[in-house]
Amino acid sequence: MNQDQQKNLYLLLDSRNTPLARGIRESPADAPSWQIRILENKVSDVMEHEEIQMIPLTGSGKAILGKILRNRNDSIVLERLKTSCSAQRENLRMPTHFKSFIYPLSGSWKGRVKIEGNDLSCGGLSFFCGKTLREHEQVEAVVPITSQPLILRCEIIRQRPTDREGEDLYACKFVDMCYDEEMMVREAVFSVQLQSRPKAEAAVKP
């Protein structure tokens with residue numbers, strides 16, 4: 001996939017925000033209808049729906065809602081209906097379970113602490129942890145499920161008690177991510193979403 005194709009890469013979802021496929025927009029962004037080339041032989045999955053959502057995987061473009069007009073081979077023609085907030089992309093959470101570590105940035109504690117991932121989105125992470133963390137505290141989290149493990153700066157935004165002995169569930173948002181890190185997290189989130197749709201309810205809501 002060349003650089004121009006990557007810039008026009010979208011995730012296609014149904015009305016319940018379930019990922020269906022990835023597609024490349026082959027029409028100008030301001031055109032009233034778009035031709036979308038569906039990747040990975042998923043065009044039959046997309047054609048089961050009358051309307052779909054398209055969320056850009058790169059850049060800061062906004063999501064759109066569109067009506068499928070027709071298809072030919074591996075492409076569909078989509079009538080644009082309305083534009084959605086680009087923040088929707090950040091809220092698509094992927095259940096994920098991995099063991100990893102966080103490291104302190106505030107200086108209030110030292111060393112590293114074990115965590116267990118609960119879910120991951122383009123905007124943040126939730127994890128189980130046995131250490132008490134403060135709201136707005138920043139830590140570095142090792143995310144091992146991307147193509148190369150990443151160490152990402154996170155800000156704690158919420159804490160929730162759980163029935164796990166000695167552990168709470170923490171939700172955090174990523175801060176100060178570079179473009180390459182954003183791309184790697186997006187690819188990991190959407191690839192696993194497409195591969196494990198039946199498991200979409202597995203995570204605990206943070």
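The structure is a predicted model, in which local features need pLDDT of at least 70, side-chain atom pairs count only at pLDDT 80 or more, and totals for chains, interfaces and linings use all residues. Residues are numbered from 1 along each chain as its sequence is written, and side-chain values use heavy atoms, with hydrogens and water left out.

Strands here are DSSP runs of E with at least two residues, numbered from the N terminus. Two strands count as paired if DSSP finds at least two bridges between them. Start with strand β11, residues 138-143, which runs antiparallel to strand β12, residues 150-161, and is joined to β12 by six bridges. Within this pairing, A141 has L152 in β12 as its bridge partner.

Six residues lie between β12 and β13 in their hairpin, and G166 in the turn has a positive phi of about 75°.

How many disulfides does a search of the whole structure find? The search finds zero, where a disulfide is a pair of cysteine sulfur atoms within 2.5 Å. For C172, the closest cysteine sulfur belongs to C154 and is 3.8 Å away, which is too far for a bond.

Is C172 buried or exposed? C172 is buried, with a relative accessible area of 5%. Buried means under 20% relative accessible area, exposed over 50%, and partly exposed in between, using a 1.4 Å probe and protein chains only. C129 is buried as well, at 1%.

Technical notes
Helix = DSSP H or I, 4+ residues; strand = E, 2+ residues; numbered from the N terminus.
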